[in-house]
Amino acid sequence: MLHRIAKGQWNGFILLLAMSSSLKNGHLSSGCEDYRLITSTWTGVIPLVFNPTPVMIQNFNCSNVVQLITGGEGAKDGEFPHHALLGYRKNDSKPGYDFKCGGTLISDLHVMTAAHCFELQEPEVVRLGEYDTKFKSEEEHDVGIAAILKQKEYKNGLPYHDIALVKLAKRLMLTSFIRPACLWDTEHRNVTKYIATGFGANETGNEILSTIMRKVQLEEFPEEECAEAFKYSTEFCEGIQPGQLCAGSDVGDRDTCVGDSGGPLQTVTNTQTCMYHVVGITSWGNAACGVGKVRAGYTKVSYYLNWIEDNVWGPNAL
């Protein structure tokens, strides 16, 4: 039992009681408030007097304190609990999976990713809670895939409407290491700096994927800059469309690369609440990752919000 001298209007001693909020069945609504509570702890302050009235104080235990990042660097274990990995069966008949694409957990049953992640091969599992693929941890969890839904206007080989949803084979028990992110729900963005995360290659020409999760700070740029950067690319036959967001960096070595596709482009709207809002999905970029002034394209989440909500929380959800 902890006790201390009470201050202010209370005389005598007070007792501190800590209570962790938890959700026993792992089933949550679409509200960010529910997801946020998973990492919260309530502290009850009770004066030791007759008929005391407890005062509850909510605390958040966050490891996602992202400030300015000077280039790409390793993330902290548990820093991005919504980051998912898509696992593809190895081609050489060896056991295990190759994690070639990322994604974002947006409910206890759905992952949002890029549609182009299903062009050549379909994944068999989704891994959550991963930090270092070389080691098995108690926090990581593999779950099968029940269904895949690509945006109906997506066409293989083109960068437009590059968004898809994965329905998991069973609902997840959410923890501080496995927790959905929120979706940016408006075309207005009052921030211009974002964080991209992934396990992709660290440099151009290197097909070896990173074994640990990495993060990099990117800035939003006018769509015209991406249009100029990719004007000679035959894939961009329709130019830059409203469902795309242009981001990158004027500093070398800041970029997403092969293996980062489908992962989140995100921002922390309030570091105290432990919640990220996902603004974009890693979609396309220059073959030379992180060389010179980088511009790359991300699927704009807010543009597809109605489609996402209909297929995740709607009456005819996936």
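Visitor: Which faces of strand β8 are covered?
Guide: Both faces of β8 (residues 110-113) are covered. His110 and Met112 are buried on one side, Val111 and Thr113 on the other. Buried means under 20% relative accessible area, with a 1.4 Å probe and protein chains only. Strands are DSSP E runs of at least two residues, helices H or I runs of at least four, numbered from the N terminus. This is a predicted model: local features need pLDDT of at least 70, side-chain atom pairs 80 or more, while totals for chains, interfaces and linings use all residues. Residues are numbered from 1 along each chain as its sequence is written, and side-chain values use heavy atoms, without hydrogens and water.

Visitor: What does β8 pair with antiparallel over four bridges?
Guide: Strand β11 (residues 164-168). Strands pair if DSSP finds at least two bridges between them. Met112 has Leu165 as its bridge partner in β11.

Visitor: And how many bridges to β7?
Guide: Two, with β7 (residues 97-105) running antiparallel to β8. A hairpin of four residues connects β7 to β8. Thr104 is bridged to Met112.

Visitor: New topic. How many aromatic pairs?
Guide: Six, with ring centres (Phe, Tyr, six-membered ring of Trp) within 6.5 Å. Phe236 and Trp284 are edge-to-face, because their centres are 4.4 Å apart and their planes at 70°; the cut-off is over 60 degrees. Phe236 lies in the loop between α2 (223-229) and β15 (244-249), and Trp284 in β17 (residues 275-284), 48 residues apart.

Visitor: Is Trp284 buried or exposed?
Guide: Buried, at 12% relative accessible area.

Conventions
Buried means under 20% relative accessible area, exposed over 50%, partly exposed in between (1.4 Å probe, protein chains only). Rings of Phe, Tyr and Trp (its six-membered ring) pair if their centres lie within 6.5 Å; planes under 30 degrees apart count as stacked, over 60 as edge-to-face and the rest as tilted.
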